[in-house]
Amino acid sequence: MNAPQAIATGAAKVPPARYDWASALKEAALAALVTLGLCIPLVLLRTDQTQGPNIVLTPRFGLVASLVAAVFVTRLLLHAWAAYRGGRPVLQQKAQVRTTAGVATRAQVGLYAFMGLALTYPVIMVLVQGGLNESRYWVDLGILVLTYVMLGWGLNIVVGLAGLLDLGYVAFYAVGAYSYALLSTTFGLSFWICLPLAGILAAFWGILLGFPVLRLRGDYLAIVTLAFGEIIRLVLINWVDFSGGGAGISSIPRVTFFGVPFTANEDGFAARFGLTFSPMHRIIFLYYLILMLAFLTAFVTMRLRKLPVGRAWEALREDEIACRSLGINTTNTKLTAFAIGAMFGGFAGSFFAVRQGFISPESFTFHESAIILAIVVLGGMGSQIGVAIAAIAMVAGPEMLRNLGFLKAVFGQGFDPNEFRLLIFGVGMVAMMIFRPRGLISTREPTAILKERRSISGSLVKEGHG
């Protein structure tokens, strides 16, 4: 068999690529040099305050050397892995189009497992920790995770389904929080009245944001939404008579059990139901409240995907020009995506205000928008269960560093894991972009089905799409 015949029959093999040691060492040394330059101002010197007013600078040469060596070795391994992947025979592969019998079953099992764990989480924590008061930290952590799950599902409508890059989603979060805080403290309205009002006001601001950006796409849209989020934060800081300025709003009324307060008096929740009073009753109620709000967000999103507006969102995400040629009103499609996503952000903001009892503009910075967007992207844009998994990993994962005491035995007693939370977060994001660039859940089930239900593989999804 000659070479042309071998190529025609697919029997030709590509010889394995040789490992270029010189290039690998050069790239690894450059990465280590950059790491050293970053570690000198950030990691090398640690400030320790003595008993007096003096501050002592403690050098950490060993830690810097360890980080530089770790980056050097990791870069070598990545170079070797890339050479191994590139040296394998390249065969023509058919597009992966699988029936969703197994995929849908696994997705349903995962969704039911998540719902079951979420519903029984406080009970499990109480049994494991041995009491209500002992489990408060873990229940508070669950509330924090579910808040970001709800925010991620709300932003998933705008970014994952409609394909509109929004970097100012925290603005709607702030609108919901300040709506409840001002309405409750000024007019004495209860949480159950302020909750829908906060969602309506946030949706109104979402429409106001949508009108100026109807003609923008991609990076320009991201810049405008980022500016919108910063404008809202600066207005809250400088409009002191309205929002309290940098001092924020305090003494926000707490949530009640449909009019029954969680207090120790005779009209309280514990006395009404014959229970021994405990502050944890309110915490447990807050947990199930945010759980129901998160499930409401997921249910509405899943139902909207099957309606014409949901299909219009997905058509807009794939190709706006083709979407226009089909007669879809892209103006209304974008506005509905912004409004509905903003509404759920307003619900989450209202819950944040009633849970904290105090809000200030410092709670609604761009860092929050970046975390929510990272949750959507890492989980898989358009995937509900992927966003939930990413929220658990990104919010609960760094908190677990507080309990890793064995790290002090490795790096010394002066090692504080909390100082490296952002470093570990960055390493995790880089690893995700290398090994799972389309997110944890790269396959998705289409809403429009012709004859046979099939799933869309990650290989058929464009980079940056769901």
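The model is a predicted one, in which local features need pLDDT of at least 70 and side-chain atom pairs count only at pLDDT 80 or more, while totals for chains, interfaces and linings use all residues. Residues are numbered from 1 along each chain as its sequence is written, and side-chain values use heavy atoms, with hydrogens and water left out.

**The cavity.** Select Leu-167, Gly-168, Val-170, Leu-226, Gly-229, Glu-230, Phe-364, Thr-365, Phe-366 and Ser-369, which line the largest cavity. A cavity is a set of points on a 1 Å grid over the protein atoms alone where a 1.4 Å probe fits but cannot get out, and lining residues have an atom within 4 Å of a point. The volume of the largest cavity is about 30 Å³, taken as the space filled by probe spheres set on the points, which are joined across faces, edges and corners. A search of the whole structure finds one cavity of 30 Å³ or more. Both α8 (218-238) and α15 contribute at least two residues each to the lining. By class, the lining has five nonpolar, four polar and one charged residue, where Ala, Val, Leu, Ile, Met, Phe, Trp, Tyr, Cys and Pro count as nonpolar, Asp, Glu, Lys and Arg as charged, and the others, Gly among them, as polar.

**α15 with α16.** Next, select residues 366-379 (α15) and 384-400 (α16), whose axes lie 8 Å apart at an angle of about 125 degrees; axes are lines fitted to C-alpha atoms, for helices over the stretch in contact, and angles run from 0 to 180 degrees between N-to-C directions. The pair is therefore oblique, since angles under 35 degrees count as roughly parallel, over 145 as roughly antiparallel, 65 to 115 as roughly perpendicular and the rest as oblique. The contact, meaning heavy atoms within 4.5 Å, includes Ile-371 and Ala-374 of α15 and Ala-390 and Met-394 of α16. It comprises ten nonpolar, two polar and no charged residues.

**α7 with α14.** Move to residues 191-210 (α7) and 330-356 (α14), which pack at about 140 degrees with axes 7 Å apart, so that α7 is oblique to α14. Among the residues that meet are Ala-198, Gly-199 and Ala-202 in α7 and Ala-342, Met-343 and Gly-346 in α14. This contact of α7 with α14 has 16 nonpolar, five polar and no charged residues.

**α5 with α11.** Finish with residues 136-161 (α5) and 280-305 (α11), whose axes come within 9 Å and cross at roughly 20 degrees; the two helices are therefore roughly parallel. Their contact divides into 18 nonpolar, five polar and four charged residues.

Methods:
Helices (H or I, at least four residues) and strands (E, at least two) are DSSP runs, numbered from the N terminus. On a 1 Å grid over the protein atoms alone, a cavity is a set of points where a 1.4 Å probe fits but cannot get out, and a pocket is an open set with protein on both sides within 12 Å along at least five of seven lines; lining residues have an atom within 4 Å of a point.
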